[in-house]
Amino acid sequence: MSDPQVAPRSTNLPEVMVKAESVYKAFGRNEVLRGIDFEVHKGQVACIIGPSGGGKSTFLRCINHLEKIDAGRLSVEGELIGYTQRGEKLHEMKDKEVAAQRRSIGMVFQRFNLFPHMTAAQNVMAGPVVVKKTNKGKAQERALDLLDTVGLGDRGDSYPMQLSGGQQQRVAIARALAMDPDLMLFDEPTSALDPELVGDVLDAMKNLASSGMTMIVVTHEVGFAREVGDVLAFIDQGIVADSGPPDELLSNPTSPRLREFLGKVL
Amino acid sequence: MAINEAPPSGERKERKAIEAVPVRHPGRWVGAAVIAVLLAMFVNSLVTNPNWGWSLIREWIFSEPILKGVGITIILTILAMIIGLVLGVMIAIMRLSPNPVLSSTAWAFVWVFRGTPVYVQLFLWGSVIALYQNISLGIPFGPEMITFDTKTLIPAFVAALLGLGLNEAAYMSEIVRAGILSVDEGQEEAATAVGMTRMQTLRVVVLPQAMRVIVPPTGNETISMLKTTSLVIAIPLSTELFFQAGVIGNRLFQPFPMAIMASIWYLALTSVLMVGQYYIERHYAKGALRDLPPTPIQKIRSRFGRRDAS
């Protein structure tokens, strides 16, 4: 196994955004994460690849506390996720505190999970209006702007059912951006899409990456990882089995497991 | 060999409508004929048998005590359903709460109020007046500060509301709970991911979607409630429709026509409720269906060949 720390691209890196230290998570007897070590710096795009069932989605869900970790430390911007440390002891956070923490972390799901009873614009507005108590007029203006940036400026009044999968996923990206997050998590954002719709979603993500957003992307799109990613991690059997700059890692994979995986995917 | 060559772009092939002999349904005609005969026999007996007492029904159906009774029945139904719905939603949310005190309290409430007959519950609420003559507010087991006379605090109407409303709440909470559980888990995750708390998620995301599952059985419950109000005779609350019909029937020694008259009223009221239910269901189908089903008026219009501009 190679060095679990993500290899830095340049020597003077900006501050650490996400830091995981030997993170463990089990569902019943099934140990899904078995000591994940991982670091993402501000402004980086980190891509995670690996076989299904390897723990990549579970790890991503731990980062915004959709899953509770069993052991280890997981922090975003220096703040522990889901716990407050007082002296030596960890205290579980209340529902409200966890919710406040999640505001700065956006998430995009494989199955979009748009709210079907709201229009595209209402989906994007929901977070700011309900959570941040933003004025409705302002929130709507912002929502339409965000929809415009993902190429859906004219679909604000459409219900999710009336949109294609690719359009729905772009609305979901706009919805996550509406909360002005510092970090965006993508859980296999293109896996549920028809092949010809994948490009639009990846384009929206590329734009986001070039705007300097810190992103962690669980994906099967190796091409995207190579083009946009600053770091690439290969998660297999609950650990970061290999990591490094995407080009290097994909061109000459050193670990046999990664080589085997790439042989199946590419 | 090409079976079907694609027409060149911009050119359309000729459209030939299919002309075929439709499938015949002789069974339908036979069935319709049998039913028509039976219906004619029944209508004949309605008209010719004097025991139906149509003249009596006509005389009393819009009389003052009956109209008042209809009013009380409607008010009881509306208020009991409001109590049932509000309390039912609260109990369903308590039941699904991670707090064990709340969830077991909710479970016990449903256990008691769903597990005993509503008629018996109504009787008991009526008897509370006899059981506790006074209700006092104060320190438990200690001195009393304010004392109420139960007869003034719980008149028959309030007893009826409590009996019907609490019983309904137990059923409604199960309906609401089923509705909440029917909403996809991803919805809750997406809502929490934008930073909503559990309560915000329920109010903004989960409950509006649960309504699609909650509304049809609630319409059913409302129709059922309208008829269940006739059981407040157990309290007894004497102003309600069926009680009044019974009083008049007994006075005239004609209970049967008066019961038919009450049935006509109940049927008329439930028919109105069914129309309301249709439109409420249509409202909550938003976002779940690509096109809303047509209203009956739109259906009739399209059948007669008139098309909406849209």
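The model is a predicted one, with local features needing pLDDT of at least 70 and side-chain atom pairs counted only at pLDDT 80 or more, while totals for chains, interfaces and linings use all residues. Residues are numbered from 1 along each chain as its sequence is written, and chains are lettered from A, with ligands numbered from 1, in the order in which they are written.

Chain B comes with twelve helices and two strands; both kinds of element are DSSP runs, helices being H or I with at least four residues and strands E with at least two, numbered from the N terminus. Read from that end, the order is α-α-α-α-α-β-β-α-α-α-α-α-α-α. Of the 310 residues in chain B, 28% are buried (20 or more other C-beta atoms within 10 Å of the residue's own, with C-beta atoms placed from the backbone). Looking at contacts in chain B (C-beta atoms, placed from the backbone, within 7 Å) between residues at least 6 apart in sequence, 72% link residues at least 24 apart.

As for the two chains together, 20 residues of chain B touch 24 residues of chain A.

Over in chain A, four strands make an open, antiparallel sheet ordered S2-S1-S4-S5, with pairing taken to mean at least two DSSP bridges between two strands. Strand S2 (30-41) and strand S5 (79-80) of chain A sit at the edges, each pairing on one side only. Two bridges tie strand S4 (residues 71-76) of chain A to S5(A), and A:Ser75 has A:Leu80 in S5(A) as its bridge partner.

How values were computed:
A residue is buried if 20 or more other C-beta atoms lie within 10 Å of its own, exposed if 12 or fewer, and partly exposed in between; C-beta atoms are placed from the backbone.
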